Amino acid sequence: MNDDRPRIFFIGSYMHAFVLRAPRFPRDGETVFGTDSEIGPGGKGSNQAIAAARLGADVDMLACVGADSFGDEARQLWQAEGINPRWIHVDPERASGMAFIMVNEQGQNRIIVNPGANDTLTARHADEAEDAIAQANVLVAQFESPVRVVERALELARRHGARTILNPAPARDVSDSLLSLVDVITPNEAEAQALAGLSEDSFTAEAAARALRERGVEIVVLTLGESGAYVFDDAGGRPVPGIHVPAVDTTGAGDAFTGALAVALARRWSIDQATSFANLGGAFCVTRPGVVPGLGLERELLSLRKPGDRVSPTVGGA
Ligand code: ADP
């Protein structure tokens, strides 16, 4: 480990993704012919950890895959990305996590996720990694891993002074006691609405952010697709505009965003600077097909800036 680099500990879900495209979804009992398919690595935790590793962070990840070819592929990928294998477990009984994603001509999707080996992680696994969590600048979790491991990891991070980021995806019902362990939460609009308990009609970024802060979160960074993000902290709420890019595939934008935000916060940038950097990560991701190929290097992200933009205290104005 290199002492100069930010250290980030991820609770890392892994899902092998099977994407099948067809003109329309099949009805019950029906088979339709698809037009193309892609199979590859996914999972929010894994994507976010890779995003951070590519941006120069030292990355630890607590994850569990099955003893199958998908798990092998995941571990090879993480090794190639320089992610520390120490907290990566292999469960001999369970299949690696999988996601079956049907996409129709309108770009809508229907997804079945089988968490498989991801679901074997317990609070004990987080306890075993306490020393690594204690050395991290930032800890990041999502909701594809069991809530019990997420909650313990957040508790350990708090105890040892690591900043905590929760990407509350996919949306789940959670307690206020879990949310009160979160320094920065990064929901998209649908997740923010669900967690804030708002109806579609009463939803605004500000109303959702206020409700989440009331539930115990310190800073809300709500992602708004191509519009960028909305930040709400003690100083109030403000938009952080997105980057205009030609979008090719928006899958994984939220993961690229949260991974980049974690790196910037681990470097102790302000929340506004960090959110601007995260917008670059999300925007770069949508310019490439697939998720992992859309997780950029720092120079690739910075190349999306418009003249005069400043997105970091150290690199700016170019
Ligand atoms: P999710 O992918 O979780 O649904 P969003 O759609 O809000 O989340 O996207 C996450 C982030 O990715 C946004 O805050 C923004 O920074 C970036 N992003 C997403 N879509 C686009 C787009 N079409 N153009 C530019 N940036 C985008």
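1. A backbone N or O atom of Gly254 lies 3.0 Å from an oxygen atom of the ligand, and this pair can be read against the definition of a polar contact, namely a pair of N or O atoms within 3.5 Å, where within protein one must be able to donate a hydrogen and the other to accept it, and residues adjacent in sequence count only if both atoms are side-chain atoms. The protein covers 83% of the 550 Å² of accessible area that the ligand has on its own (Shrake-Rupley method, 1.4 Å probe; for residues, only the protein chains shown count as cover).

2. On provenance, this is a predicted model, in which local features need pLDDT of at least 70 and side-chain atom pairs count only at pLDDT 80 or more, while totals for chains, interfaces and linings use all residues. Residues are numbered from 1 along each chain as its sequence is written, and side-chain values use heavy atoms, with hydrogens and water left out.

3. The ligand is surrounded by 16 residues, of which Asn188, Thr223, Gly225, Gly228 and Asn279 are the closest (a residue is near if one of its heavy atoms lies within 4 Å). The shell divides into 8 nonpolar, 7 polar and 1 charged, where Ala, Val, Leu, Ile, Met, Phe, Trp, Tyr, Cys and Pro count as nonpolar, Asp, Glu, Lys and Arg as charged, and the others, Gly among them, as polar. Both α9 (253–266) and α10 (271–286) supply at least two residues each, and α10 has the largest share, 4 residues (helices are DSSP runs of H or I, at least four residues, and strands runs of E, at least two, numbered from the N terminus).

4. In the loop between α9 and α10 is Arg268, which has a positive phi of about 65° although it is not a glycine. Arg268 is exposed, with a relative accessible area of 66% (exposed means over 50%, buried under 20%, partly exposed in between; 1.4 Å probe, protein chains only).

5. The peptide bond from Ala169 to Pro170 is cis, with omega near -10°, and Pro170 belongs to the loop between β9 (163–167) and α6 (176–179).
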